[in-house]
Amino acid sequence: MGLFMARGFDAVIVGAGHNGLVCGAYLAKAGLRVCVLEKRPVIGGAAATEELWPGYRVSTASYIMGLLQPRIILDLELARFGYEIIAPTPLVQPFPDGRHIVFWPDPGRLGAEFAKFSARDAEVFPEYRRHMMRLGALVQRLLWETPFELKLHRPQDLYGLLRFMWRYRDAVGDFPEIWRLLTMSAFDYLQRWFTSEAVKLAIGFYAAGGGGQRASMKTPGTAFMLARSYIRNNDTPAGGTGFVRGGMGGISEAIAASGRSHGLEVRTGATVVAIRVKAGRAAGVVLESGEEIDAPLVIANASARTTFLELIEPAALPPRFLSDLRKLRARSTGFKVHLAMDRLPAYRTFDAASLGFSYPTQVRLAPDIDYMEAAFAEAESGSNARRPYLTIMVQSVVDPGMAPPGKHVIGIYGGHAVSEAAPGDQDRLRTEMLERVLAVFGEYATDVTEPILHGQTLMPWDFERIFGLPGGHVHHFDMSADQMFWMRPAPGYARYRSPIRGLYMCGASVHPGGGVTGVPGHNAAQAVLGDMKRGVPRP
């Protein structure tokens with residue numbers, strides 16, 4: 001590593017989202033001098049906690065830890081640095097007729113919930129679960145892959161493909177089913193297993209745009225989202241999923257602290273306006289303040305579009321690469337509402353005594369699949385859904401530090417919102433969406449509006465403005481078969497490298513995409529370190 005120790009930093013990372021921090025922490029742990037630059041006053045990107053009103057803390061974008069991979073938690077010793085998971089109460093999905101589904105952690109109890117709607121579906125559920133666990137285990141393995149190249153015009157490309165095939169020789173029989181997940185809609189995939197609309201809605205709810213995509217349950221490719229809850233091993237010393245104490249920013253703060261213990265430097269309020277390129281290789285960055293930071297390695301946690309279409313002169317990049325990036329589909333219809341509450345609303349069908357917990361910290365609101373499809377169709381036509389579907393989170397019930405004593409914060413993620421709006425229409429559309437959210441909430445709970453002390457509504461253009469997410473898309477662009485694995489972010493550049501030597505990518509724009517997994521940051525760090533062992537980094 002001596003070649004890279006002559007300057008102030010060995011590497012500069014653009015963006016202190018959780019993946020940028022993961023990448024920086026691994027590189028610092030390996031002995032590199034690394035600086036992470038963040039334009040916002042807080043770190044974490046979409047995995048951040050912010051105090052919107054005095055004493056009220058919210059997870060501004062992402063809202064629950066479901067995917068952060070155990071390997072990363074253990075490698076970076078995050079528990080030593082404040083990372084702690086708090087178990088939420090079971091998720092509840094009420095229906096207008098007074099029935100509900102409680103997502104008990106025990107599969108047997110969950111199957112009994114499905115039996116309220118279909119005895120046959122309850123019988124099928126264990127087989128479906130085994131099927132998805134097997135596919136989920138395969139997807140888990142694929143998360144850590146550095147995608148091979150399909151051009152195959154170099155010996156190393158063919159060698160990479162052959163090595164991949166050999167590693168997965170035991171799973172050849174499951175790849176056709178993975179292809180079905182990548183190409184089928186969640187609705188059609190679930191039709192193969194279940195008969196009850198309520199059961200299909202419960203299992204497929206997240207796939208209907210819950211991942212931030214502009215999609216419904218009937219959109220081709222959304223079946224892949226059904227595997228989401230099966231791609232993390234919850235039985236390791238890293239523990240299971242749930243709320244992060246102090247909000248999602250607790251993940252980012254712990255990663256940063258782990259990195260700092262190895263010398264990582266993290267700067268906020270440092271907006272990168274250009275990536276410097278000299279003689280075809282990265283040479284550092286330029287800040288909005290005019291400061292220039294030299295480094296032979298630059299790693300972009302910013303989206304691929306921001307990195308290559310805004311921070312680098314087009315002449316330094318291949319025209320085909322730029323064309324591919326401009327064609328990426330990146331529109332979201334997701335929105336988020338934060339409420340500071342004087343007291344909690346009461347759900348009409350929730351009975352604490354019979355269920356055994358005091359209050360539901362997670363609730364999904366949508367009566368049927370047609371309701372969700374209608375919400376999506378309205379957003380597609382250019383308007384906010386009149387009756388949006390909602391996922392309501394109240395972390396302050398189990399984590400009192402999120403709000404002042406006796407008070408609460410409610411986070412609501414929903415769909416579907418209009419994707420784009422002229423500046424003059426944005427306030428009106430935010431107000432309209434908040435009114436519609438509260439109306440739907442009020443159909444299932446009493447005392448919803450009167451206890452509200454403060455509120456914030458974030459639309460897709462707000463996520464783009466605040467977090468730099470193209471189109472407000474949490475994955476940077478759609479997680480579809482033509483924009484995944486060796487195609488992400490563009491053919492020929494899926495291996496965390498870019499067309500510019502010494503410039504790497506570590507965010508949601510590269511495999512395996514978005515979600516708070518930490519895997520893109522991990523894999524990018526391994527790519528950097530692997531290239532360093534072989535000599536000067538190269539694409």
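Which backbone oxygen does the side chain of His511 reach? Select His511 together with Leu142: the side chain of His511 lies 2.7 Å from the backbone oxygen of Leu142. Before continuing, note that this is a predicted model, in which local features need pLDDT of at least 70, side-chain atom pairs count only at pLDDT 80 or more, and totals for chains, interfaces and linings use all residues. Residues are numbered from 1 along each chain as its sequence is written, and side-chain values use heavy atoms, with hydrogens and water left out.

His511 sits in the loop between strand 21 (503-505) and helix 16 (519-534); helices (H or I, at least four residues) and strands (E, at least two) are DSSP runs numbered from the N terminus. With a relative accessibility of 7%, His511 is buried (buried means under 20% relative accessible area, exposed over 50%, partly exposed in between, with a 1.4 Å probe and protein chains only). Next, show the residues in contact with His511 (heavy atoms within 4.5 Å). Beyond four places in sequence, they include Phe485, Arg488, Tyr496 and Asn523.

**Helix 3 against helix 4**

Select helix 3 (residues 107-115) and helix 4, whose axes are 7 Å apart at an angle of about 145 degrees. Here axes are lines fitted to C-alpha atoms over the stretch in contact, and angles run from 0 to 180 degrees between N-to-C directions. Helix 3 contributes Pro107, Leu110, Gly111, Phe114 and Ala115 to the contact, and helix 4 contributes Ala119, Ala122, Phe125 and Arg129.

**The largest nonpolar core**

Now select Leu27, Tyr128, Leu226, Val285 and Ile392, which touch the most other members of the largest nonpolar core, a set of 163 residues. Such a core consists of buried Ala, Val, Leu, Ile, Met, Phe, Trp, Tyr and Cys residues joined through side-chain atoms within 4.5 Å. Helix 4 (residues 119-143) supplies the largest share of this core, nine residues. A separate second core of seven residues includes Tyr56, Val58, Ala340 and Val409. Returning to Val285, display its contacts beyond four places in sequence, among them Val12, Leu37, Glu291 and Ile293.

**Arg267**

Finally, select Arg267 in strand 9 (residues 265-267). Arg267 is partly exposed, at a relative accessible area of 24%. Its contacts beyond four places in sequence include Cys35, Leu37, Leu287 and Glu291. The side chains of Arg267 and Glu291 are joined by a polar contact of 3.0 Å (a pair of N or O atoms within 3.5 Å; within protein, one must be able to donate a hydrogen and the other to accept it, and residues adjacent in sequence count only if both atoms are side-chain atoms).
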